[in-house]
Amino acid sequence: MKKSVRKAIIAGNWKMNKTRPEAKALLEEIKPLVANADVEVVACVPFTNLETAIAATEGSNIKIGAENVHFEKSGAYTGEISADMLVELGVEYVVIGHSERRQYFAETDETVNKRTKAALAAGLKPIVCVGELLWERECSITEEVIARQIKLDLYDIPAEDVKKTVIAYEPVWAIGTGKTATADQAEEVCALIRATLAKLYDEETAQAVTIQYGGSMNAGNCAELLSKENVDGGLIGGASLKAADFNTIVQAAVNG
Ligand code: PGA
């Protein structure tokens, strides 16, 4: 299997941005721009914007995702949202284990694994984020860090579920910093992720998984990043909040 048969997925990660009217306005702006794009277009938005976003994109080719999900079905977990609650709204994707959650909210590989299993069980498509810290790259342990995260985050998840899972490689030092990994650096780690999947599962499974790059991807650098064999898409933060820039990235993926 080659890149050409994997699903290219461009997903916006809005983080903690946009009120409901702002969310509606941004999606109305993006909708016509990406209407004919032959790639999967996703907007992952704050919980409070999910209903608005789903209503605004109804009948369009934009899919809506959440930015986190809890692993239990229900119960005494104040402030948390379950996978079933997201599915009930019409949410299709969910970002899991973003480095901001790992850094600021004590997310661990164990909870990432539990959340991923819960998402898959409910029929959501998880976007599982992995990535090394700058310090880890400087110590030349990027490979170990990424392989460890992949093994732990996907622990006990069968091949047919992994095929429904998107992996986002997001070097932590590149997120929101304006520092992008070079296309070669992104390709190297995305290829490593695929090789790790091939070892854990098999080559066919590894070839079927969409692997995104994320970290300061923008209208200027997206074409080179997305042209790489193992970079199947992008998880876009800052640039996903500007309709024209997000569309440029979507169109680059069409050509990627
Ligand atoms: P950025 O964020 O594009 O603003 O660097 C990417 C992400 O955190 O998913």
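Strands E2 and E3 (residues 62-66) pair in the parallel sense, with four bridges between them. Strands count as paired when DSSP finds at least two bridges between them. Right-handed here means that, with the strands pointing away from the viewer, the path from the first strand over the helix to the second runs clockwise.

Before we go on, a word on the model: it is predicted, so local features need pLDDT of at least 70 and side-chain atom pairs count only at pLDDT 80 or more, while totals for chains, interfaces and linings use all residues. Residues are numbered from 1 along each chain as its sequence is written, and side-chain values use heavy atoms, with hydrogens and water left out.

**The strands around E1 and E2**

On its other pairing, E2 is joined to strand E1 (residues 9-13) by five bridges, and these two strands also run parallel. Ile9 stands opposite Glu40 in E2, and Gly12 has Ala43 of E2 as its bridge partner. Together, E1, helix H1 (residues 20-34) and E2 form a right-handed β-α-β unit. E1 pairs with E8 as well, in parallel, through four bridges. There, Ile10 stands opposite Gly234 in E8.

How enclosed are these strands? Five of the five residues of E2 (residues 40-44) are buried, so the rest of the structure largely encloses this strand. Buried means under 20% relative accessible area, exposed means over 50%, and partly exposed lies in between (1.4 Å probe, protein chains only). In a regular strand, side chains alternate between the two faces of the sheet. For E2 both faces are covered: Glu40, Val42 and Cys44 are buried on one side, and Val41 and Ala43 on the other.

**The ligand and its shell**

Which residues are closest to the ligand? They are Lys15, His98, Glu170, Gly176 and Ser216, out of 13 residues that surround it, a residue being near if one of its heavy atoms lies within 4 Å. This shell divides into four nonpolar, seven polar and two charged residues. In that count Ala, Val, Leu, Ile, Met, Phe, Trp, Tyr, Cys and Pro are nonpolar, Asp, Glu, Lys and Arg are charged, and the others, Gly among them, are polar.

| Residue | Atom of the residue | Distance to a ligand oxygen atom |
|---|---|---|
| Glu170 | polar side-chain atom | 2.7 Å |
| Ser216 | backbone N or O atom | 2.7 Å |
| Gly237 | backbone N or O atom | 2.9 Å |

Taken alone, the ligand exposes 280 Å², and the protein buries 95% of that. These areas come from the Shrake-Rupley method with a 1.4 Å probe, and for residues only the protein chains shown count as cover.

**Residues in loops and helices**

Gly237 comes up again with Ser240, whose side chain reaches the backbone oxygen of Gly237 at 2.7 Å. Ser240 lies in the loop between strand E8 (233-236) and helix H12 (243-255) and counts as buried at 1% relative accessibility.

Another loop serine, Ser82, sits between E3 and helix H3 (83-89). Ser82 is buried, with a relative accessible area of 5%. Ser82 and Ala122 are 40 residues apart in sequence and 9.4 Å apart in space, C-alpha to C-alpha.

Asp109, in helix H5 (residues 109-122), is buried at 14% relative accessibility. The side chains of Asp109 and Arg102 are joined by a polar contact of 2.7 Å.

Technical notes. Polar contact = N/O pair within 3.5 Å; in protein donor to acceptor, adjacent residues only side chain to side chain.
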